[in-house]
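Have a look at the model first, and then we can walk through it together.

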Amino acid sequence: MIGIIKFIDTAVSRTLTALCSVLLFLMAAFTVYSVIMRYVFENPPVWGDLLTVLSNIWLVFLALALTVRDKDHIALDLIYSWLPLGVAFAVQQFWTLVIGGLGIVMIVYGLEAVSTMGGKYWEMWYFAWEDGQFVFKPNYMPKKYAIAIVPISGLLVCIGALASVLEDCLRLSAGTYERAQEAEA
C-alpha cells in the first residue's frame, strides 16, 4: 500500500513539475514572439502579453503546491536547524498545517470567485466542452478560466500539506525523521 502511495506521490510531483516547465517555456515563447512581432514586424499580437501573464500566474500557483509537498519553506529552514528535533518537528508541522489551511481558503474563495467572475478577455478565443466534445468558440474567453487555478492549487496545497504531515509523523514514529533541510542534504 505504501508503495502505491509513493508511486502516486511521485507521479503527481513529476506531472506538476513537467507542467510548470511547460508553462515556463510558454511564458518565454509568448514573450519572445510578442517582442519580435512588436519591434521587428510592427504587428504585435493582442493576446501575447495576456498569455504571458496567465502562464506566469498558473506557474506560480502550481509551484506553490510543489513547495508545500517538498517542505521548501525557505524562510523557516534556518529556524529548524536551531531548534531541538522535537520542537523543530512541531513547528514544521504547525506551519505545514497553516499552509494547508490557506489551501482550504483558496478552495472556498477560489470556487466562489470562479462562479461569480464576470467578463471576458476580448483578445482570446477559447474551447468549451459541449455535447461530449471540445468545440471552438470564436467569441471571447471568460475571465473565470484564468482564475480557475486558485481552487485547483488550493486542493493541491491541501493534499501536499496532508501528505507531508503524514509522512513526517510516520518517520518520527519510526525514528527516521529529519528536519526539512537535513532531508535534502
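Asp-49 has a relative accessible area of 45%, so this residue counts as partly exposed. Please keep in mind that the model is predicted. Asp-49 is a handy way into the charged contacts, as its side chain forms a salt bridge with Arg-38.

**Salt bridges**
- The count of salt bridges comes to 5.
- In the bridge between Asp-49 and Arg-38, the closest N and O atoms are 3.4 Å apart. Asp-49 belongs to helix 2 and Arg-38 to helix 1, so the pair ties together parts 11 residues apart in sequence.
- Arg-38 is partly exposed as well, with a relative accessible area of 29%.
- Lys-6 and Glu-167 also form a salt bridge, with 3.9 Å between the closest N and O atoms. Because Lys-6 lies in helix 1 and Glu-167 in helix 6 (residues 149-174), this pair ties together parts that are 161 residues apart in sequence.
- Glu-167 is buried at 17% relative accessible area, whereas Lys-6 is partly exposed at 44%.
- Glu-167 meets Arg-171 in a salt bridge too (3.5 Å, N to O); these two are 4 residues apart in helix 6, about one helical turn.
- A network of salt bridges links Lys-6, Asp-9, Arg-69, Glu-167 and Arg-171.

**Aromatic pairs**
- The structure has 4 aromatic pairs. One of them is the edge-to-face pair of Phe-30 and Trp-47, at 6.2 Å centre to centre and 80° between the planes.
- Phe-30 is buried at 18% relative accessibility, while Trp-47 is partly exposed at 29%.
- Ring pairs join Phe-30, Tyr-33 and Trp-47 into a cluster.

Notes
Residues are numbered from 1 along each chain as its sequence is written. This is a predicted model: local features need pLDDT of at least 70, side-chain atom pairs count only at pLDDT 80 or more; totals for chains, interfaces and linings use all residues. Side-chain values use heavy atoms; hydrogens and water are left out. Rings of Phe, Tyr and Trp (its six-membered ring) pair if their centres lie within 6.5 Å; planes under 30 degrees apart count as stacked, over 60 as edge-to-face and the rest as tilted. Buried means under 20% relative accessible area, exposed over 50%, partly exposed in between (1.4 Å probe, protein chains only). A salt bridge is a side-chain nitrogen of Lys or Arg within 4 Å of a carboxyl oxygen of Asp or Glu.
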